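Entries follow in the order I made them.

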Amino acid sequence: APQPTPESGRAEPTRVTFALDWAPNTNHTGVYVAQELGYFEEAGLDVEILPYASTPVPELVSGGAADFGIGGQGGVQLGRTAGLDIVSVYRVTQSEVGELVVLADRDDIDSPADLEGKIFGGFGSPLYRAMVRTMIEHDGGRGDFTEVVLDTGAYEALSSGTVDFTLSVSTWESIQAEIEGRPYKSFQYQDHGMPDVQAVGIISSDAYLTAEPEVARKFVAAVQRGYQYAADHPREAATLLVDANPDTLGGAEELVTKSLETLAKDGLFVADGVVTGSADPERWEEYGAFLVENGILVDESGNTVTQAPDWADYYTDEFLDR
Amino acid sequence: MSALSVRGLGKRFGETTVLDGVSFSVEPGRVTSVIGPSGSGKSTLLRILTGELDPDAGSFEVDGAPVRNAQRPFAFMPQRDALLPWRRVLDNAALGLEMAGVPRRQARRRASELFDTFGIGGTERLWPRQLSGGMRQRVALLRTVVQERTMLLLDEPFGALDAITREQLQRWLLGIWERHRWSMLLITHDIREAVRLSDEVLVLSAKPARIIGRVRVDRAIPRGDGFVLDPEARRLEHELLKLLARAAPGPGATMMG
Amino acid sequence: MSALSVRGLGKRFGETTVLDGVSFSVEPGRVTSVIGPSGSGKSTLLRILTGELDPDAGSFEVDGAPVRNAQRPFAFMPQRDALLPWRRVLDNAALGLEMAGVPRRQARRRASELFDTFGIGGTERLWPRQLSGGMRQRVALLRTVVQERTMLLLDEPFGALDAITREQLQRWLLGIWERHRWSMLLITHDIREAVRLSDEVLVLSAKPARIIGRVRVDRAIPRGDGFVLDPEARRLEHELLKLLARAAPGPGATMMG
Amino acid sequence: MTRRLRAHWPPVAAAVLLLGAWHAVAVSGMLPATVLPTPVRVVEQVWLQREALLGHALPTLTATVLGFALSVASAVVIATALDFSALLRRAVLPLLVVSQTLPMIALAPLVVLWFGFYLLPKVLLVAFLTFFPMTISLLRGFAAADPDMQALLRSMGAGRWGVFRHVRAPSAAPYFFSGLRVSITYAVVGAIFAEYAGAVAGLGVYMQSAKNVFRTDLVLAAVLVSSIVTLLLYALVVALEHLLLPWLRVERGLP
Amino acid sequence: MTRRLRAHWPPVAAAVLLLGAWHAVAVSGMLPATVLPTPVRVVEQVWLQREALLGHALPTLTATVLGFALSVASAVVIATALDFSALLRRAVLPLLVVSQTLPMIALAPLVVLWFGFYLLPKVLLVAFLTFFPMTISLLRGFAAADPDMQALLRSMGAGRWGVFRHVRAPSAAPYFFSGLRVSITYAVVGAIFAEYAGAVAGLGVYMQSAKNVFRTDLVLAAVLVSSIVTLLLYALVVALEHLLLPWLRVERGLP
Ligand SMILES: Nc1ncnc2c1ncn2[C@@H]1O[C@H](COP(=O)(O)OP(=O)(O)OP(=O)(O)O)[C@@H](O)[C@H]1O
Ligand SMILES: Nc1ncnc2c1ncn2[C@@H]1O[C@H](COP(=O)(O)OP(=O)(O)OP(=O)(O)O)[C@@H](O)[C@H]1O
Ligand SMILES: O=C([O-])O
Ligand SMILES: [Mg+2]
Ligand SMILES: [Mg+2]
């Protein structure tokens, strides 16, 4: 268990582990900034960033293998309902960053309705299937399409034309496609019948938060400072992120910089009138309702959930620095 | 009390009866030979004694008591030499001693002392595959006798040897028997060899094998230089040959093709 | 023109010279036997003739011409029987015919006709591992002679057989030779057998092997019933035994242990 | 106890023991039920989801069987070719080894890109992931052939092919079957792996979907199905060996 | 041509041929350079990224070697135990087969949960993914022992252990090495696979990161490094066999 941290900060720093959901990318910027600029150190924390593992972060955190980790709203809603001990403590993006994309030269596809009967380069997730179906139906289609589970190969498959559409992170793959000169044509989920969602966030567990509320407060506050810095200084933050991950991001400066600029200005890291990193109850309610309606949520014993739980239990702003 | 006493041994393989009530005994310090047509069941008999096969009928006792496995006081030489390909010739020869708990160095030394006597000096460091058929047989024999067990079971020990080497090894075996008085059960297809080395020669019939003749060989018969000219030995040989001819299976008549 | 003529064959294994200038020839329709101390190089000689080993010196001709591989007119019986474990006994016996292009059914039929003659009738459907040592040897011999090649190379064909079976097969071989007049090169460690079956007997010295004696055996000598009592045959045997004693390697003197 | 029962109780007992241990851990609370459900629950799910599981098991089985057939054929052809030419062996064997060192997890997406999502890439991946143990075993088995037997065949006028067919190939049979046992075990896993890299249906797709909604029980239900399929295939290989190599038991002194 | 050259040109020629084909496809424009870079570019990257690659290769190598050592040890212990007890064999062998049918891609996450991110889970996964071919080969090899030799040993008073040590184990040696060749080939891939499942450093982590920033050239550079490592380990196994089984060449009639 972590040591209680004396205020002086002279004693041993408290160890905190943080699990990434993927190889280091701009979603993780705030954490790396806090690390690089010494925010954690100032708070008396020794943060270890655990790299991506095929183990889903909710399971790592729920199982106690990590104290915190990247975890978006959808994952928290699915996971906590299914009995995982996870709770959202910080929202990295205030809204959706994903988008449905096709190749820019696909003149035959002008709206999601045109995706009827097409091939989806997918990820084997019922949530994404429901999302695509909703978008097609919203635009007047029947919602029939074929999903090919491709996982990381989806983008190559799209650019080589073996699938017709896939889902892309607007602040990562879509930017890369642009850089490579093969830009995507994109459809925003929210424009086609999907509720908005706080797509990227940070989670912890009730168990950890109960045991270490003070450490959690320091950690979340430091991260919050980090993302605020990234929103204010995207170029500097880009440099910090790349410097922290020279092996992996060295050579991808352009991608990182463009991505961070987008994340900073489009109301993703920060939004007008809200505390950075805070939860938006409306998004949790609406997205939660979508999950219930589509029968995606199951409870601990594997039964489909038909009655929305109290979503307020699923997130907290308690550890934010207001 | 007999060194070995076999009572009513029977053995079948599937439908075929191979041994059918074989009884005999070997007295302590005596040599008994078994001759019989090829395929009659001689090797099968030894394989039962060594515990490799279980008999379907009958039993046997060693020194008056039934044997339990791993306690057999035999040194056994199988018909096919069964040299281990992964041991050099010397290590093959020392195998029996090693198994008896003799330390490796000592086992090798004792085995190596016999190499010249057996006419295979210089092959110690070769692999078995590098030996001729007769040399392999000699290594197998050496491996057996060097164990100095009180009872030897030898399955055609000289079958692959030329006349001279065979003569030399027979004489050597006679000499070592004189000194140690081991009991021996010897399978051979050479009648003269049987007479020369034994106190008693048993004749097995063709499959299903029964003992159809027993010939005692007096120790008074000279086994060394005088053997070849001894008329009593010749008479016994002749008697055994007749027994063997009776033992042989039917088709011999059709063989003059 | 000789059926086989061997000139100055030499063979070394590593440092050891095994054959050292061996020359002889086998006339068409004649039988030549080779005797010599165990380990002298008899099998090595055959392995060179069959092309398994390359000689280090010398050469040989068949019917007056050097042979190319795959064209050897030999039927070869190796000393260790080399039965294929994955073929039933009958299929092993038919192997040589099959290799010569005889259709399988016919090959099996021809082989099966000899089973009774060889005293192994009834074993056709067994696997080689289910045969006794002598039975395996007979299958190997059958496999060789059924090929009806004009030249047979036999490496100790009767080594594992009892006196009666051996006698029967020797007579059978004499009979078949009378009819077909195959040329034969026969390795044996049995001097009597060599005399009985051959036109000429070669004696090899111990390693490094040279031919140290040749004995012609007149065809006038009776090979059948009269053979055992023929004084000329006995004289030749005695001569060969003396040659063999000279051929034997040194350590014999120390063997009386 | 009947003979049949006697032959079967040890694996059953072992399996029961293992399931018991699993159950004990699952209900101990060491791990949340979402991470480790009880075996009873998993079996329940197999029954409840039987239609979906069957629907996904069939494409996996098809890919497995076709891929494995291709794998056996390639292994036999490659090993034979390499046995005939020492030159080829020296040239190609290192490449085969290298081929097995390619982390498929990184390259599988390319295969899918080239061959589409349906049967073909799965078949190819299964073949690729399983041919190696058989190839190596065959090569070793060929080399283990008795030189005396080969010399005998040559003396009978057999060419390289005759020696190969009658001595080297049968000598390799026991080795081959040991490679086969390893390979068949990997075949189903290989197919599932291929489905992770790209497929429209199959147990791998089913597992991935279940995992994404934290349904470990369904993942394990699919795992159970795949294990049963593999065990059946393995048993088939054992039976086939029994049937095709009757001499082997005799050689080993078994009744 | 010197002897050394003569022995080495075939694999070199084959490799060059293959690289040529790769290059041709890469420059043909069939695939964009981001999907398939040229071999020259990949080698260039190996050199440029040598420090990073070395830094990531070391943990992978450590996991491989430790995992493989564990794997060999387990295979020997398990196979020996199963050889001694037919009961155990009947009980445990099906479980071993089942264990190999578990799609690690679905279960690796559990391993990380239980054993964390560092060396241990990698070592365990490598061992788990590689012990099976050796175990099966060993079992087969034990069973291939000559019954005559075993009977001889028993006649000498050797117990089951003596027979095992002096006949069954050496008989299994050639089989074992054929399993070893297969296993060592899978070991590095297994370590990389384990790193995909969760690790702080290693070639698998490097590949994943490189893929995330769309640097196929770096992925392939890491693949190249892993292939070279595997080839070296494979060569080591071959050399070891040569050294430990001198009799085998003689048995096979080789000079
Ligand atoms: N591969 C080999 N390496 C080394 N030496 C060998 C090899 N093969 C045979 N020899 C040696 O060659 C010699 C002759 O062997 P060969 O088998 O020809 O003898 P042989 O006359 O047939 O004896 P036997 O009557 O016992 O069968 C032997 O001393 C043997 O050790
Ligand atoms: N495993 C087996 N299955 C079936 N039959 C067998 C088996 N082992 C031996 N036999 C048969 O048992 C008989 C006797 O064999 P055994 O080896 O005892 O003969 P032998 O008297 O030693 O002959 P030889 O003098 O030729 O060595 C033979 O007919 C043989 O075919
Ligand atoms: O590689 C797999 O274990 O799926
Ligand atoms: Mg016998
Ligand atoms: Mg010989």
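**Entry 1: where ligand 1 sits.** I note at the start that this is a predicted model. I looked up the position of ligand 1 and found it between chains B and C. I then listed its neighbours. There are 19 residues around ligand 1. The nearest are S132(B) and G134(B) on one chain, with S38(C), S43(C) and T44(C) on the other.

**Entry 2: which elements build the shell.** I checked which helices supply at least two residues of the shell around ligand 1. I found α5 (133-145) of chain B and α1 (42-49) of chain C. The largest share comes from α1(C), with 4 residues. I also sorted the shell by residue type. It holds 11 polar, 4 charged and 4 nonpolar residues.

**Entry 3: polar contacts of ligand 1.** I looked up distances to oxygen atoms of ligand 1. A polar side-chain atom of T44(C) lies 2.5 Å from one. For K207(C), a polar side-chain atom lies at 2.9 Å from an oxygen atom of the ligand. S40(C) takes part through its backbone: an N or O atom there lies 3.2 Å from a ligand oxygen. I then checked cover. On its own, ligand 1 has 640 Å² of accessible area, and the protein covers 90% of that.

**Entry 4: the magnesium ion in chain C.** Which protein atoms coordinate ligand 5? I found S43(C) through OG and Q79(C) through OE1, at 1.9 to 2.0 Å. S43(C) lies in helix α1 of chain C, and Q79(C) in the loop between β5 (74-77) and α2 (89-93), so the pair ties together parts 36 residues apart in sequence. S43(C) is also among the residues that come nearest to ligand 1. Is S43(C) buried or exposed? Its relative accessibility is 18%, so S43(C) counts as buried, the cut-off being under 20%. Q79(C) has 24% and is therefore partly exposed.

Entry 5: S43(B) has a relative accessible area of 19% and is buried. Q79(B), at 24%, is partly exposed.

How values were computed. Residues are numbered from 1 along each chain as its sequence is written. Chains are lettered from A and ligands numbered from 1 in the order in which they are written. This is a predicted model: local features need pLDDT of at least 70, side-chain atom pairs count only at pLDDT 80 or more; totals for chains, interfaces and linings use all residues. Side-chain values use heavy atoms; hydrogens and water are left out. A residue is near a molecule or strand if one of its heavy atoms lies within 4 Å of it. A polar contact is a pair of N or O atoms within 3.5 Å; within protein, one must be able to donate a hydrogen and the other to accept it, and residues adjacent in sequence count only if both atoms are side-chain atoms. Accessible areas come from the Shrake-Rupley method with a 1.4 Å probe; for residues, only the protein chains shown count as cover. Ala, Val, Leu, Ile, Met, Phe, Trp, Tyr, Cys and Pro count as nonpolar, Asp, Glu, Lys and Arg as charged, and the others, Gly among them, as polar. Donors are N, O and S atoms within 2.8 Å of the metal (3.2 Å for Na, K and Ca); water is not among the atoms, so sites may look incomplete. Buried means under 20% relative accessible area, exposed over 50%, partly exposed in between (1.4 Å probe, protein chains only).
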